[in-house]
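Here is a set of questions on how the labels for this model are reached. Each answer puts a value beside its cut-off.

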Amino acid sequence: MKKHFFIICGCLFFAVLYAITSMADPFVTDVTNRLAEPSQQNLLGTDHLGRDIFSRLLLAGGITVGLSTAIVLVTATIGVLLGTMSGFVYRRLEPIVTKVTDATIIFPDTVLAIVLAGVLGPSIQSLVLAISLIKWTSYTRLVHTLVLQESTKGHVLAARVNGLTKPKIALRHVLPAVCPHVLVVMSLDLGKVILLISAFSFIGLGVQLPFPEWGGMISEGRHYLVTNPMLVFWPALCIVLTIIGSTRLSAKLTRHFQI
Amino acid sequence: MKRFVARKSLEWGLAFLVFTFFSFLLLRLVPGDPVLYLLKVDELNVDVAEIDRLREELGFTAPVWVQYVNWLTQVLQLNLGNSLITGQPVTQLFMDNYAATFELAAGGIFVAIALAVPFGTISAFRPKSVSAKLATGLSVVGSSVPSFLIGLILMYVFAVSLQWFPVMGRNGWDSLVLPSLTLGIAVGCVYIRLIRSTLLDVMASDYVAMARVRGIRSRTVLIRYITRAALPPVISMFGVSVASLMGGVVVLEVLFAYPGVGKLMVDSVLRRDFPVLQGYLVFTTCLVASINLVTNGMLRLLQPHLYRKDVSR
């Protein structure tokens, strides 16, 4: 499990490493040195504007994986909070929370992302906003159902008879059973969000130039597919490895928690 | 079933009101004054009378809820306004573009089924065969390689190198092959694993063993006993993936320059054509929600026992 976790963390790590070490600047264009072969200065060569591919890949990984992790963490936290509140701690909230979730879950996230990009202008901010606006609903629903199941079990009843307060029971006796499920869904969602950000950057509605993004790099490089296939190959490899990492992580988590 | 339909339509009606209200509010989210934005004040010289005239024309002077009710009655009459750029009615634009998108989606679903059903079944029944290993490989590839990359590779191999199919555009059925193949691979690979695992679950159940013991032919067991029980998870998954299908279509339409609704939307984003975007949000959300409703109804028909328990409790 650790191994696969490292694949994802590796991208973040390299982004930090990039900041510390003095690598080639991913933004500096050098037209005299465009489409260069790999060399000591440019580990993987340069792209059609003479920018260093390696440093762009690392920065793109930092942006995409970092943003996806943030989205998944924030929406999962909201989901866990709302789900536990409505399912156990404050049952009076239940009708409101479920109604709002049901109404929001109807919106397909890609459709909302496109429309928000149109209204707020195509940018990574509107994409992140669109994904987050939809994603929390699935976590809320999941946690709500799990908490309802868990709260009828014997150990929770025993804790209540013993006079523990509801928030304390939720923290100590309900959430530990809920968290494994949430973690598995989170690791799967991470891959999905990365794919979504890449796809939107590919069609020009995600991370905007000059910032690099794997999908955006593929989109830029596809015009050179015949002459310089490496421009597409490297970002493609990065996406595929990251997604495989996230699916393997979720598979291992499932096995680990025996869900 | 009657009660289900009544309750669902009530829920759906409420949800419709909520999400149309959100869609309606979206235009108000435009940073700054939308009227000034529409008139492109930075580029043109406009006088105050002109601004007021447009404000009146768009009905921005009335209170918000009056604006919403007016807008909703128009939407219910299938009048989604006119495109700001071309002046065409949005509904007409959608008619042309959704036809193209539905062709692509239908092709994609066809490829997905043609891929997932045989491969999923084989890998469940003959787990050690070559095709089963191929199926496993395919499902890993399909779920980890982004669809635009699959499309790019297919485009490079079959359109650029072999020149069997046109690279992009939409004329004739052969321009539909590559996009629907891409969509089908991207969607279908997820189902291979799903079909395999549900089939394995069902095969391990007692009544299948009982049917075998009774000497029923294995083909009959497969069709009458296993397939029926394996359908519900696949159908519910399909309902979920319709939303992602709409998103996947957008990316592929841009890649293949296919004049469907996704391409229209991305162009509208870049031109900031708000009525088209608003119409898209309302229309597509309705579409996805209705398909979800239909899949829910089908699930209810296929496994009535689950819901009967619900009533007695």
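Q: How do the elements of chain A run from the N terminus on?
A: They run α-α-α-α-α-α-α-α-α. Chain A has 9 helices and 0 strands. Helices here are DSSP runs of H or I with at least four residues, strands are runs of E with at least two, and both are numbered from the N terminus. This is a predicted model, in which local features need pLDDT of at least 70, side-chain atom pairs count only at pLDDT 80 or more, and totals for chains, interfaces and linings use all residues. Residues are numbered from 1 along each chain as its sequence is written, while chains are lettered from A and ligands numbered from 1 in the order in which they are written.

Q: How many helices and strands does chain B have?
A: Chain B has 13 helices and 0 strands. From the N terminus on, its elements run α-α-α-α-α-α-α-α-α-α-α-α-α.

Q: What makes A:Leu129 partly exposed?
A: A:Leu129 has 17 C-beta neighbours inside 10 Å. A residue is buried with 20 or more other C-beta atoms within 10 Å of its own, exposed with 12 or fewer, and partly exposed in between; C-beta atoms are placed from the backbone. A:Leu129 therefore counts as partly exposed. It sits in helix α5 (residues 124-151) of chain A. A:Leu129 and A:Val184 are 55 residues apart in sequence and 23 Å apart in space, C-alpha to C-alpha.

Q: Why is B:Ala257 called partly exposed?
A: B:Ala257 has 13 other C-beta atoms within 10 Å, so it is partly exposed. It lies in the loop between α10 (218-255) and α11 (261-271) of chain B.

Q: What share of each chain counts as buried?
A: In chain A, 48% of the 259 residues count as buried. In chain B, 33% of the 313 residues do.

Q: How do you know that α1(B) reaches close to its expected span?
A: Helix α1 (residues 2-26) of chain B has 25 residues and reaches 36 Å from its first C-alpha to its last. The expected span is 1.5 Å times one less than the number of residues. That gives 36 Å, so the reach of α1(B) is close to the expected value.

Q: Which residues of α1(B) are buried, and what covers them?
A: B:Phe19, B:Thr20 and B:Ser23 are buried. The cover includes α3 (94-105) of chain A, together with α4 (64-76) and α12 (274-302) of chain B.

Q: Why are α1(B) and α12(B) called roughly antiparallel?
A: Their axes come within 10 Å and cross at roughly 160°. Axes are lines fitted to C-alpha atoms, for helices over the stretch in contact, and angles run from 0 to 180 degrees between N-to-C directions. Angles under 35 degrees count as roughly parallel, over 145 as roughly antiparallel, 65 to 115 as roughly perpendicular and the rest as oblique. The two helices are therefore roughly antiparallel to each other.

Q: What makes α5(B) oblique to α12(B)?
A: The axes of helix α5 (residues 90-125) of chain B and α12(B) cross at roughly 60°, coming within 10 Å. That makes α5(B) oblique to α12(B). The contact is made by B:Val90, B:Leu93 and B:Phe94 of α5(B) and B:Pro275, B:Val276, B:Gly279 and B:Phe283 of α12(B). Residues are in contact if their C-beta atoms, placed from the backbone, lie within 7 Å.

Q: Why are α8(A) and α9(A) called roughly antiparallel?
A: The axes of helix α8 (residues 214-221) of chain A and α9(A) come within 8 Å and cross at roughly 160°. They are therefore roughly antiparallel to each other. In α8(A), A:Trp214, A:Met217, A:Ile218 and A:Gly221 meet residues of α9(A), among them A:Leu231 and A:Ile239.

Q: How many residues does each chain bring to the contact between them?
A: Chain A gives 30 residues and chain B gives 33 residues. On the side of chain A that touches chain B, α4(A) gives the most, with 8 residues.

Definitions and conventions
Two residues are in contact if their C-beta atoms, placed from the backbone, lie within 7 Å.
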